[in-house]
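Reader: Can we go over the disulfides here? Keep it brisk.

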Amino acid sequence: MTKPVSPPTHFVPRTPDRAFEPEVRTLILALTFASAAFTSALPPNLNTRQNGVTCQTSSASPDTGDVTDVINQLRGGGGKCPQTNGHASDCTTLVSHKGAAISICGGTDPEDEGMDCTTVAGYANQIQQACLSDGRAGGTYTIGPSQRVEVIHSE
């Protein structure tokens with residue numbers, strides 16, 4: 001027959017107010033503040049990715065007002081926006097105004113009429129919303145393995 005084991009006499013049950021010893025609490029707080037300080041020190045929207053959007057906003061990126069203008073031009077024009085440049089950059093600038101431009105990039109297909117311009121404008125708008133930093137926005141919306149929309153600086 002086995003003897004029942006009694007708990008050690010030095011056992012102190014954890015209670016909510018004693019969940020961690022003071023040294024552990026201090027360490028947790030220090031790590032929390034260090035993490036917050038490091039995160040806030042990073043430049044916002046620089047090479048971040050969100051829902052197909054890769055942000056590349058910098059001081060050289062277009063002004064958000066100019067970006068809004070090119071989005072509205074593209075949306076208002078309607079029709080199709082084909083990618084016709086099969087050389088070097090593999091990108092076609094669809095519209096530009098002041099310091100902003102919207103390009104569509106990827107493989108070219110002579111049979112392809114292109115994407116609806118309103119859809120391309122919607123992708124550009126998502127870039128602007130996700131990548132806005134200090135009144136500027138720039139980045140890429142990856143549509144698939146071979147197609148993307150870019151909001152870039154022009155002039």
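**Disulfide pairing**

Author: Taking the bonded cysteines of the protein in sequence order, they pair 1-6, 2-5, 3-4. A disulfide here is a pair of cysteine sulfur atoms within 2.5 Å. This is a predicted model: local features need pLDDT of at least 70, side-chain atom pairs count only at pLDDT 80 or more, and totals for chains, interfaces and linings use all residues. Residues are numbered from 1 along each chain as its sequence is written, and side-chain values use heavy atoms, with hydrogens and water left out.

Reader: How many disulfides does the structure hold?

Author: It holds 3.

Reader: What about Cys55 and Cys131, how far apart are the sulfur atoms?

Author: They sit 2.1 Å apart. The link is left-handed, with -85 degrees about the S-S bond. Cys55 is in strand 2 (residues 53-56) and Cys131 in helix 3 (residues 117-131), 76 residues apart. Helices (H or I, at least four residues) and strands (E, at least two) are DSSP runs, numbered from the N terminus.

Reader: Next, which parts does the Cys81 and Cys117 pair tie together?

Author: The sulfur atoms of Cys81 and Cys117 are 1.9 Å apart. Cys81 lies in strand 3 (residues 80-81) and Cys117 in helix 3, so the pair ties together parts 36 residues apart in sequence.

Reader: Is Cys81 buried or exposed?

Author: Buried, at 4% relative accessibility. Buried means under 20% relative accessible area, exposed over 50%, partly exposed in between (1.4 Å probe, protein chains only). Cys117 is buried too, at 5%.

Reader: And where are Cys91 and Cys105?

Author: Cys91 is in strand 4 (residues 91-97), Cys105 in strand 5 (residues 100-106). Their link is right-handed, with 110 degrees about the S-S bond.
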